[in-house]
Amino acid sequence: MSMTAPDLDRLRGVAAPRNHDARTIAALTANPGCARRGVMDAAGVDKDAVARHLGFGVPFGQSQFAITRGNTFEAQVKADGCAELLTLLRDRLGLEVPEVAYDDLGAVGDNEGREVRHARTRKLVQRALETGEGTLFDHPLLRLDIAGRPAYLEPDVIAFQLGGRFHIVEIKSFAVIDGQAEADQVAAAARQSAVYVLALRRLVAELGHDPVEKVAHEVFLVCPENFSNRPTATPVDIRPQLAVLERQLARLTRVDTIVAQLPEEITFDLGEALEEAVRTVEARYAPECMSSCEMAFFCRAEARACGATGALGRSVRDDLGGVDSVETALALAEGVLEPSEDLAETAEQLRLAARLRREALAGVA
Amino acid sequence: MPSSPGAPSPEELEARIAELRTAVRRAMAAGDRQAARAHRAELRAAEGAWDEAVLGDTALGDTALGDTALGEPAPDETADDAPSGERPAPPPPPRAAVPRGLVPVRERVHQALTLIGAPAAPKLIASVYAAFLPGQLPAARLTSLRRDEERSFRSAPYARPYYLCAALTADLLAPARGLLTVSTWPLEQRISGPLSARTDFLTAAIRIAEHAERRPDSPDVQRLLWRFAANIPGAATGAVGTVEPGALIAAARAELDVHAETDRRQRRRAADRARAQLDDAGRLFGARLRAMRSATGTTDGEDDR
């Protein structure tokens, strides 16, 4: 691993490393099989710039309306010294009335430097662990080592301490209607929260306390309730996401094995050879990438060009295990191609599907 | 100075207007009201000349119409509202005239803050103003207020009877984000410790409910009170959305009793430190930290909580 950092720096070329945030770290777990994303993220390559250079820029980023809505709701919940949040925590968690201390870690004085803020976060967390002082910690700045490089996490989150145990409170603006929220959104929020929980646990461990005991694996998702603007809090168990994340991060530090197999002179510098360099590292495109990865448009074009089954969706790729291209699949289905031993079963199913389709179409005619 | 027979160009007039504004401000700061009045008369004349030079005859009908609709700017408006920095203020576009008798923004904020009696965020100030006082106070107009006040104080200390200034964080004595206070309050009241966000909220609830008791009920007031009552245990006794001010006061007092002592102690310590360490401007607008000092992470306030 110690060998990795210089290699990764060379991969990135002259550009400054791009910092991870909880979003990008969470996205790492969304497509674990993608070597391209793994390598580029580990090297801190600005994927957006690369994609734009290749002519596959993302035409629009996050929706401006969504961002505004999110900020407004967050401001509302935090207004007047977190009045609404305190009410929620008192109702749902039995937070005691005296526990109202609020520390804003968003800036130290008028200094918003990351090191300063992290130092202060660390100090207050330590104090809370030792004396139980402090209840709400707004905008704590946490740090997580990603592939040997510290990444600062700029969280829209409140860490809240109750009885010497920390909980993460994530404020999201999607509605919980009748106790139900959109599964995708909850999953994304849980993945992001898992990153914060992990980072907070690392910090607690560094300070010499038991991380599992001191940081709860249950996070509180604060969302608007039904069709109103009134916040409601839902506990979400993020142990699965935490496990995935830990595995992913461990795997990310083994990114050197992938790098070792790459040619010596390869670099992601914006230049003539960029496209070739990007193509050298294998991608694993799935339609879900569109919502989480800047390279998605490039990978999609590539996957379509070579007729990769992954472009049709993850379930198709899994059903056709071992058959990489659509062309091969069609040939197998029509019996033009004789399947090898390990593909016999897949080929059988494909032929069956082809026959059913023929019969169905014949019935219509 | 009225326009000379040679009819000066608009540029010349703008320079002259800027010059006169500075003169008015200087005179006010020095307490020389006589000179200020004289300069202001000149300023009015120069502005009139500017209107004529830029808008000419065609605009005269418009302006007259606008004047009848909006009224002329209150005579004291410019002296109070003009940003008091070194940069020359642009001449006011004639159409943006303010209705007669309207109180300047800082005056309105002062009224609302006096009513609240605790450090408050622009949003709360705006809703309190809307509920109890005439007219509107758009929260967006409060954003630059503190900076303007600070600039004014630094260029001419204590020239105004009060300043709208920052709340100071208890640990670093730095300006707390998004909170406005009045300079005439005791320093303890302007400190914001870890518990202060809550105690200020409760204090504001009590003050506003007391004020509401003295006035006829209105939907705006009810809405404002509900905002407090919904988030104070035991305050919302009646139907959803209706608040009995007496019940709100009792509930807020009960919770305030829990926090008040600790909060007062923290505030007093911070205030003592502020008196010892900061100069006048620092006490009003917060300590400016240099990166060096805060980077060490040690502050005097952290340990004596």
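In strand β6 of chain A, Phe166(A) is the bridge partner of Gln161(A). The two strands involved are β5 (residues 157-162) and β6 (residues 165-171) of chain A, which pair in the antiparallel sense over 6 bridges. Strands count as paired if DSSP finds at least two bridges between them. This is a predicted model: local features need pLDDT of at least 70, side-chain atom pairs count only at pLDDT 80 or more, and totals for chains, interfaces and linings use all residues. Residues are numbered from 1 along each chain as its sequence is written, chains are lettered from A in the order in which they are written, and side-chain values use heavy atoms, without hydrogens and water.

**Chain A overall**

- Chain A has 15 helices and 8 strands. Both are DSSP runs, numbered from the N terminus: helices are H or I with at least four residues, strands are E with at least two.
- Of the 365 residues in chain A, 46% are buried. Buried means under 20% relative accessible area, exposed over 50%, and partly exposed in between (1.4 Å probe, protein chains only).
- Take the contacts in chain A between residues at least 6 apart in sequence: 62% of them join residues at least 24 apart. A contact means heavy atoms within 4.5 Å.

**The sheet of chain A**

- An open sheet of 6 strands runs in the order β1-β2-β5-β6-β7-β8, with mixed pairing.
- β1 (102-104) and β8 (231-237) are at the edges, each with a single partner strand, so one side of each has no neighbour in the sheet.
- From one strand to the next, the twist averages 25°. Angles run from 0 to 180 degrees between N-to-C directions; axes are lines fitted to C-alpha atoms, for helices over the stretch in contact.
- Helix α6 (residues 114-131) of chain A lies across β1, β2 (136-138), β5 and β6, at about 160° to β1(A).
- Helix α7 (residues 183-206) of chain A lies across β5, β6, β7 (218-224) and β8, at about 145° to β6(A).

**Thr87(A)**

- Thr87(A) sits in helix α5 (residues 64-93) of chain A.
- Its relative accessibility is 18%, so Thr87(A) counts as buried.
- A polar atom of the Thr87(A) side chain lies 2.9 Å from the backbone oxygen of Ala83(A).
- Leaving out residues up to four places away in sequence, Thr87(A) touches Ala230(B) and Asn231(B).

**The sheet of chain B**

- Chain B has an open sheet of 3 strands in the order β2-β1-β3, with mixed pairing.
- Its edge strands are β2 (175-182) and β3 (191-192), each pairing on one side only.
- Strand β1 (residues 164-169) of chain B is joined to β2(B) by 4 bridges, and the two run antiparallel.
- Cys165(B) stands opposite Thr181(B) of β2(B).

**Helices of chain B**

- Helices α5 (residues 105-116) and α8 (residues 196-213) of chain B pack at about 100°, with axes 8 Å apart.
- The two are therefore roughly perpendicular. Angles of 65 to 115 degrees get that name, under 35 is roughly parallel, over 145 roughly antiparallel, and the rest oblique.
- α5(B) contributes Thr114(B), Leu115(B) and Ile116(B) to the contact, while α8(B) contributes Thr203(B), Ala204(B), Arg207(B), Ile208(B) and His211(B).
- Helix α6 (residues 122-132) of chain B has buried residues including Leu124(B), Tyr129(B) and Phe132(B).
- The cover over the buried residues of α6(B) includes α5 of chain A, along with α5, β2, α8 and α9 (219-229) of chain B.

Technical notes. Polar contact = N/O pair within 3.5 Å; in protein donor to acceptor, adjacent residues only side chain to side chain.
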